[in-house]
Amino acid sequence: MTDIIQPDNEIYGVNPQVAEKIQEMLHKGRRYFGSAGASLTHHVNNPEHESDFRLPLVRSGMEGERSTSYSIRKWMEDKDDVVLIDSVHIKGMGKEYIDEETGVAEGGDTDHVLIIGNNVIIIDTKRWKSKRKYSISNKNTVLRQGRSFGGGNVSTREAKHLWRQYVGKKVGVSGIVVINQEKIFVVYDNNWKKAPFRLVTIENLYETLDFQYERIQHKGFINSSLVSQVVVCAIKPYDSMKRVFDMEKIKDFK
């Protein structure tokens, strides 16, 4: 059975009672927290965005994140020392911008966070165009058919730096960008090897995660302090019922 350890009595940014509750859930076998595509539900399900012309793209992005999350959870099934937290936002983490191709806000949230021992793997899902060849330039930007495109300037390198600031220097941080789309080809050349993140297709995600898992020397345990520090940053999905109740309160007040 995997050991659940809590090396810190006081965890940065976490209420002690919350940390205790998360540790209890880990002891009971819980290995998944958060909700895939949670940040995008605020665009898709919020009536204020119904007329937004980018909604079909946002819905596609949400489906992509949920698909990637499902694949990661399938990969985790025989690894009880791995924890996944979906849709995470660290307060003050990066500046958001709208990807014109996908209609999704980038640079502020992390789609998926894997915790293995004292290591964090941040994973971003991209729903870029299908039937294309993607590669990495010598400036660590993603190219499509050898050319720059909107969204290709991924923020993974900056996100890794911010994550290191948040979780501390003793925690290893690495990054993966997953293109969750059909009939995609990724060029594995010297630029790919030197990049500060791994660019992979959804079909090659298992292989990439296997490689990352095997290269982590100290595993076989769960650092509940680290898990708690990430779980408290999970984004809550948009609650349409809450909006209904709020409207009723307004009517009652009137």
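Here are a few questions and answers about this predicted model.

Residues are numbered from 1 along each chain as its sequence is written. Local features need pLDDT of at least 70 and side-chain atom pairs count only at pLDDT 80 or more, while totals for chains, interfaces and linings use all residues; side-chain values use heavy atoms, leaving out hydrogens and water.

Q: Which residues touch the most other members of the largest nonpolar core?
A: A nonpolar core is a set of buried Ala, Val, Leu, Ile, Met, Phe, Trp, Tyr and Cys residues joined through side-chain atoms within 4.5 Å. Buried means under 20% relative accessible area, exposed over 50%, and partly exposed in between (1.4 Å probe, protein chains only). The largest core has 24 residues, and those touching the most other members are Ile115, Val120, Trp163 and Val227.

Q: In the salt bridge of Lys79 and Asp78, how far apart are the closest N and O atoms?
A: A salt bridge puts a side-chain nitrogen of Lys or Arg within 4 Å of a carboxyl oxygen of Asp or Glu. Lys79 counts as buried at 12% relative accessibility, whereas Asp78 is exposed at 65%. Their closest N and O atoms are apart by 2.8 Å.
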